[in-house]
Amino acid sequence: MDRDDRPGGEGPLLELTRISKHFGGVRALDGVDLTVSAGEVVALIGDNGAGKSTLVKIMSGVESPDSGEIRVRGRAVRLDSPRAAAEAGIHTVFQDLSLCDNLDAVQNLFLGHERCGPSWTGRRVRRHVMERQAQQILESLSVKLRSLSAPVSELSGGQRQGIAICRALISDPAVVLLDEPTAALGVSQRGEVLDLVDRLREQGRGVVVISHDIKDVQRVADRIVALRLGSKVAEFARDGYAASDLVGAMTGAHERHDDVRSEESR
Ligand SMILES: Nc1ncnc2c1ncn2[C@@H]1O[C@H](COP(=O)(O)OP(=O)(O)OP(=O)(O)O)[C@@H](O)[C@H]1O
Ligand SMILES: [Mg+2]
């Protein structure tokens, strides 16, 4: 479905304003803003401990912010559970993928959403219906599997990531969050997963990708938001930066330059 056909398609799909979160004495996020629009890929970058996963957990209803506002299509929402996030049209592919190794691709895709027959059949699971839908979804993202019925433990890392992303599409979410989708993948599989991200964009979804990899980010992102020690320190539009700008924002090198400059001007 074309997302622009949906009501409220003009503004951002998802808008976070001044989000803060503490864990005990640790300030994980401090007044962070983030927006994602339909057909846009936003990359979230930052060093270890920058607050990326915490922000994704807040958008996926796993953690609640201490303060700040979340709007979906302009309406204020409370994402106080993963179910609330799913109902708001936000689906997350977590880094561990949460696939069941002993189950096949179809079973993994429909886990918890099995298509069943009517009650007079004893609500038997309709495998053929799920296989047909699975094939459509896999094809929509060009994920190629030799067999739908092999356990997913036998698949490559890229194929597993593909299934985890396709599973996100079962509920036809407007926003897809991907936590480090290319980590632990080889070069060609990385390319396949980045192609998947392109297709999510073509389908008009809003995508937030967390990544440590500057090359991947440059390849896929329309906009890049850099977090450092819980704060948003920079935002870059596509082609509006050099790789060194991204590294500088992640490591805080540009802040140190600024310090030196202000010392020099004294
Ligand atoms: N459940 C928690 N309890 C206590 N502290 C936490 C918790 N979750 C995150 N933190 C702290 O919040 C800060 C941000 O962590 P977060 O996991 O969001 O970082 P990240 O950017 O995802 O890092 P990484 O790249 O290492 O995954 C860190 O200092 C972390 O130790
Ligand atoms: Mg993390």
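**Helix pair.** I started with helix α5 (residues 157-169) and helix α6 (residues 187-202), which pack at an angle of about 15 degrees with their axes 8 Å apart. For the angle, axes are lines fitted to C-alpha atoms, for helices over the stretch in contact, and angles run from 0 to 180 degrees between N-to-C directions. Helices here are DSSP runs of H or I with at least four residues, strands are runs of E with at least two, and both are numbered from the N terminus.

I noted that α5 and α6 are therefore roughly parallel to each other (angles under 35 degrees count as roughly parallel, over 145 as roughly antiparallel, 65 to 115 as roughly perpendicular and the rest as oblique). The crossing of α5 past α6 is right-handed, meaning that the near helix is turned clockwise from the far one by less than a right angle.

Next I listed who touches whom, with contact meaning heavy atoms within 4.5 Å. From α5 I got Gly157, Gly158, Gln161, Gly162, Ile165 and Leu169, which meet Gln189, Val193, Leu196 and Leu200 in α6. By class, this contact has 5 nonpolar, 5 polar and no charged residues (Ala, Val, Leu, Ile, Met, Phe, Trp, Tyr, Cys and Pro are nonpolar, Asp, Glu, Lys and Arg charged, and the others, Gly among them, polar).

**Ground rules.** This is a predicted model, where local features need pLDDT of at least 70 and side-chain atom pairs count only at pLDDT 80 or more, while totals for chains, interfaces and linings use all residues. Residues are numbered from 1 along each chain as its sequence is written, chains are lettered from A and ligands numbered from 1 in the order written, and side-chain values use heavy atoms, leaving out hydrogens and water.

**Sheet.** I then traced an open, mixed sheet of 6 strands in the order β6-β7-β8-β3-β9-β10; two strands pair if DSSP finds at least two bridges between them. β6 (90-93) and β10 (231-237) stand at the edges with a single partner strand each, so one side of each has no neighbour in the sheet. Neighbouring strands are turned by 20 degrees against each other on average, direction ignored.

Inside the sheet, I found 4 bridges joining β3 (residues 41-45) to β8 (residues 206-210), and these strands run parallel. Leu44 has Ile210 in β8 as its bridge partner.

**Ser231.** I picked this residue in β10. Its C-alpha atom is 6.0 Å from that of Leu29, 202 residues apart along the chain. Leaving aside neighbours within four places in sequence, Ser231 contacts Asp30, Val32 and Ala226.

**Overall.** I logged 9 helices and 10 strands for the protein.
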